[in-house]
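Visitor: Before we look, I would like each label you use to be set against its rule, with the value beside it.

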Amino acid sequence: MSDSCFPRTKDIPKQSPLFWVTHKDRYLRQLLIRDIQEETGRDLIVYFTDTDRTEAQIDPGDDQYLIEVLNARRRGPTDLLLETNGGFTDPTEKICALFRQLAPDLRVIVPRRAKSNGTVIALCGSAILMSASSELGPIDPHLGGTPITFLLNAAPDPLTRQVAETFQQQTTKLATQLLKDGMLREKSAEEVEAVVQKLATRQHYHSHGSVIDAGEAASLGLKINAFEAGDPLWQKIWLLRTMYSYDCARNGHSKVFEGEVVSSAVTLQRAP
């Protein structure tokens, strides 16, 4: 059988034809998930957000989908393919707690972007897998669209400043704990603090949208596994990511949570 065929089987699906056709996008993606798992020897789960066509964010409903995907794993060591523009800090904290408890041997794959609190989730891993197409971002929180750092420097009233301080402390504490327990566990407290300060304030990155590529992330001290774009494994990862992007646009989904046997899609939230 030709290596160029995808999928690579002549077997008739075990599902009824109408059911299989309705869900064929998922079945084809899960076939590729299994291929990647065979190559890495690790479970692969996906948290994909259509970052180009929707304003979907990390929100309080995400944990229920991730629990289902995590509970359906078969190996233990886990890779998370992550794409998100970020979102709310409280649900981010819950998601990080889930990964720390249910997937302590975790790596995070960022084929394209994991920005803001997406970067915080990436800090859950023992390493972050990146390539030329990948980017992380600063994790400085915002309040009402205004960067917390600006409010701390020029808050119009004491209450706003106190709220801003609380937001800053929450993000800083979470990022610090993730790094101390994870990829920077061998570093000193001072070294961890230096990394967090660069990520969580405007002192180092002057825009919340700043691009932190693989080289920049490694220079910060994060553990980065950098792949050449032509690496065979990375090509499979990029193909899988592209399938999610295309399928979300066609099917009207804003998010997909998926593993080799479990799949949940969230309906599109259109930008105004």
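Visitor: Why is arginine 42 called buried?

Guide: In this predicted model, arginine 42 has a relative accessible area of 11%, and buried means under 20%, so the label applies to arginine 42.

Visitor: What makes the contact of aspartate 79 and arginine 42 a salt bridge?

Guide: The side chains of aspartate 79 and arginine 42 meet at 2.8 Å, N to O, and the rule asks for a side-chain nitrogen of Lys or Arg within 4 Å of a carboxyl oxygen of Asp or Glu, so the pair qualifies. This pair links distant parts of the chain, 37 residues apart, with aspartate 79 in strand E2 (residues 78-83) and arginine 42 in the loop between helix H2 (24-40) and strand E1 (43-49). Aspartate 79 has a relative accessible area of 1%, which is under 20%, and therefore counts as buried.

Visitor: Why is glutamate 260 called buried, and why is arginine 74 called exposed?

Guide: Glutamate 260 has a relative accessible area of 10%, under the 20% that limits the buried class, whereas arginine 74 has 60%, and exposed means over 50%. The side chains of these two residues, glutamate 260 and arginine 74, meet in a salt bridge at 3.8 Å, N to O. The pair joins the loop between strand E10 (253-258) and strand E11 (263-267) to the loop between helix H3 (62-71) and E2, across 186 residues.

Visitor: How many salt bridges does the rule give, and which residues are linked in a network?

Guide: The count comes to 22 salt bridges, and Asp25, Arg29, Asp247, Arg250 and Glu258 are linked in a network of them. In general, side chains of opposite charge can pair when their charged atoms come close. The protein has 31 positive and 35 negative side chains, and the centres of the two sets lie 4 Å apart.

Visitor: What radius of gyration would a compact globule have with 272 residues, and what does the protein have?

Guide: A compact globule of 272 residues would have a radius of gyration near 19 Å, and the protein has 19 Å, so the two agree. Of these residues, 48% count as buried.

Conventions
Residues are numbered from 1 along each chain as its sequence is written. This is a predicted model: local features need pLDDT of at least 70, side-chain atom pairs count only at pLDDT 80 or more; totals for chains, interfaces and linings use all residues. Side-chain values use heavy atoms; hydrogens and water are left out. The radius of gyration is taken over C-alpha atoms; the globule rule is 2.2 Å times the number of residues to the power 0.38. Buried means under 20% relative accessible area, exposed over 50%, partly exposed in between (1.4 Å probe, protein chains only). Lys and Arg count as positive and Asp and Glu as negative; His and the chain ends are not counted. The place of a charge is taken as NZ of Lys, CZ of Arg, CG of Asp or CD of Glu. Helices (H or I, at least four residues) and strands (E, at least two) are DSSP runs, numbered from the N terminus.
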